[in-house]
Amino acid sequence: MIKENISKYLGLMRRSGNLVTGQELVLSSIRSQKAKFVLVTEDIGESSKKKIIDKCHFYEVPFTILGTKEDLSKAIGQERSVVATENSGFAKGLLKKINE
């Protein structure tokens, strides 16, 4: 479950245009080494989860597995299982909120 403060922060990131959504766009962002942080839902498919996590490890991009697709979709207003940010300030803020 995604806490309310994280959900609101994800919504803010989406509205400000600092959120990359969807598996292909996130993978592209990781490969181009622009992604600063990746959030993957717990209920994403196993092959998709492995592909994203392997790319994060290879390119040394921090990531977390948190919440469900429904939680994330509600927070950002789009049906997604994985999101990333290319903004280091938002990445640090999101990581801070996750660790609270």
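Predicted model: local features only at pLDDT ≥ 70, side-chain atom pairs only at ≥ 80, totals over all residues.
Residues are numbered from 1 along each chain as its sequence is written, and side-chain values use heavy atoms, with hydrogens and water left out. Local features need pLDDT of at least 70 and side-chain atom pairs count only at pLDDT 80 or more, whereas totals for chains, interfaces and linings use all residues.

Helices (H or I, at least four residues) and strands (E, at least two) are DSSP runs, numbered from the N terminus. Two packed helices are described by the angle between their axes and the distance between the axes. Axes are lines fitted to C-alpha atoms, for helices over the stretch in contact, and angles run from 0 to 180 degrees between N-to-C directions.

The axes of helix α1 and helix α4 lie 7 Å apart and form an angle of about 50 degrees. Helix α1 is therefore oblique to α4; angles under 35 degrees count as roughly parallel, over 145 as roughly antiparallel, 65 to 115 as roughly perpendicular and the rest as oblique. The crossing of α1 and α4 is right-handed. A crossing is left-handed if the near helix is turned anticlockwise from the far one by less than a right angle, and right-handed if clockwise. In this pair, Ser7, Leu10, Gly11 and Arg14 of α1 are in contact (heavy atoms within 4.5 Å) with Leu72, Ala75 and Ile76 of α4. The residues of this contact comprise 4 nonpolar, 2 polar and 1 charged. Here Ala, Val, Leu, Ile, Met, Phe, Trp, Tyr, Cys and Pro count as nonpolar, Asp, Glu, Lys and Arg as charged, and the others, Gly among them, as polar.

For helix α2 (residues 23-31) and helix α3 (residues 46-59), the axes come within 9 Å and cross at roughly 15 degrees. This angle makes α2 roughly parallel to α3, and the crossing is left-handed. Gln23, Leu27, Ile30 and Arg31 in α2 meet residues of α3 that include Ile52, Cys56 and Tyr59. The contact of α2 with α3 divides into 5 nonpolar, 2 polar and 3 charged residues.

A nonpolar core is a set of buried Ala, Val, Leu, Ile, Met, Phe, Trp, Tyr and Cys residues joined through side-chain atoms within 4.5 Å. Buried means under 20% relative accessible area, exposed over 50%, and partly exposed in between (1.4 Å probe, protein chains only). The largest core has 17 residues, and those with the most contacts inside it are Leu10 and Leu94. At least two residues of this core come from each of α1 (4-15), β2 (37-40), α4 (69-76) and α5 (88-99). A second, separate core of 13 residues includes Val26, Ile30, Ile44 and Val82. Beyond four places in sequence, Leu94 touches Ile6, Tyr9, Leu10, Met13 and Phe37.

Thr64, in strand β3, counts as buried because its relative accessibility is 18%. Leaving aside residues up to four places away in sequence, Thr64 touches Phe37, Val38, Leu39, Val40 and Ile98. Asn5, in helix α1, is partly exposed, with a relative accessible area of 27%. The C-alpha atoms of Asn5 and Ile98 are separated by 9.0 Å, although the two residues are 93 residues apart along the chain.

Most residues other than glycine have a negative phi. Gln33, however, has a positive phi near 60 degrees; Gln33 lies in the loop between α2 and β2 and is exposed, at 54% relative accessible area. Glu60 also has a positive phi, of about 55 degrees. Glu60 is located in the loop between α3 and β3 (63-65) and is exposed, at 71%.
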